Amino acid sequence: MHKLLQYKVLDSLIHLLNSYLSNRTFCVQVDDQKSSTRPIKAGVPQGSLLGHSSSQYVNDIPKHQDTSLALYADGTVVYVFSTQPKQTVIYIQRHMELLQDWFTKCKIKVNVTKCAADIFTKKHPTQITNIRLNNTDIPYKQEVKYLGVLLDHKLSFARHIK
């Protein structure tokens with residue numbers, strides 16, 4: 001709704017979409033056992049036409065001259081091709097600071113515990129500073145999963161193939 005107001009969309013359309021997205025609930029059923037009903041606080045119904053409008057939501061996501069972005073659904077990857085791991089971290093941290101300001105402005109809550117960092121290289125560098133978001137270190141992982149593919153820091157794909 002914040003973005004629609006920002007883009008000066010017709011009030012009647014904003015009210016219609018707000019009513020569509022408000023007061024939604026869910027429950028989970030396993031066999032004949034059903035959980036209690038809980039409110040849905042964010043997001044659009046999966047499979048709905050609104051699910052395909054996410055590109056409009058992120059059309060103004062900040063870019064940085066030294067990094068690249070890969071966006072898919074609710075996943076965002078900031079990456080750099082470089083032979084200098086320490087400089088890579090500096091570039092990514094600068095981009096993360098731009099993103100943090102944008103997340104705040106757009107009222108997007110990022111679950112930093114679901115974030116991961118990795119440096120893909122044959123020889124893993126030492127003494128690399130942490131990348132931070134929301135004043136929280138993003139942990140370096142030995143492998144990360146992106147779009148269902150397991151990526152290890154040497155890009156051997158051994159675990160993914162296994």
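Visitor: What is the relative accessible area of F120?

Guide: This is a predicted model, in which local features need pLDDT of at least 70 and side-chain atom pairs count only at pLDDT 80 or more, while totals for chains, interfaces and linings use all residues. Residues are numbered from 1 along each chain as its sequence is written, and side-chain values use heavy atoms, with hydrogens and water left out. Buried means under 20% relative accessible area, exposed over 50%, and partly exposed in between, with a 1.4 Å probe and protein chains only. F120 sits in the loop between α4 (85-105) and β7 (131-133), and F120 counts as partly exposed because its relative accessible area is 38%.

Visitor: How much accessible area do F120, L155, F157 and I161 have together?

Guide: A patch is made of residues with over 30% relative accessible area and no salt bridge, joining like charges within 9 Å and nonpolar side chains (Val, Leu, Ile, Met, Phe, Trp, Tyr) within 5 Å; a salt bridge is a side-chain nitrogen of Lys or Arg within 4 Å of a carboxyl oxygen of Asp or Glu. Areas come from the Shrake-Rupley method with a 1.4 Å probe, and for residues only the protein chains shown count as cover. The four residues form a nonpolar patch on the surface, and their accessible area together is about 390 Å².

Visitor: Which residue's side chain is joined to that of S82 by a polar contact of 3.5 Å?

Guide: S82 lies in the loop between β6 (75-79) and α4, where helices (H or I, at least four residues) and strands (E, at least two) are DSSP runs numbered from the N terminus. A polar contact is a pair of N or O atoms within 3.5 Å; within protein, one must be able to donate a hydrogen and the other to accept it, and residues adjacent in sequence count only if both atoms are side-chain atoms. The S82 side chain reaches the backbone nitrogen of Q84 at 2.9 Å, while the side-chain partner at 3.5 Å is T88.

Visitor: What is the radius of gyration of the protein chain?

Guide: The protein chain holds 5 helices and 10 strands. The radius of gyration is taken over C-alpha atoms, and the globule rule is 2.2 Å times the number of residues to the power 0.38. For 162 residues that rule gives 15 Å, so the chain is more spread out than a compact globule, with a radius of gyration of 19 Å.
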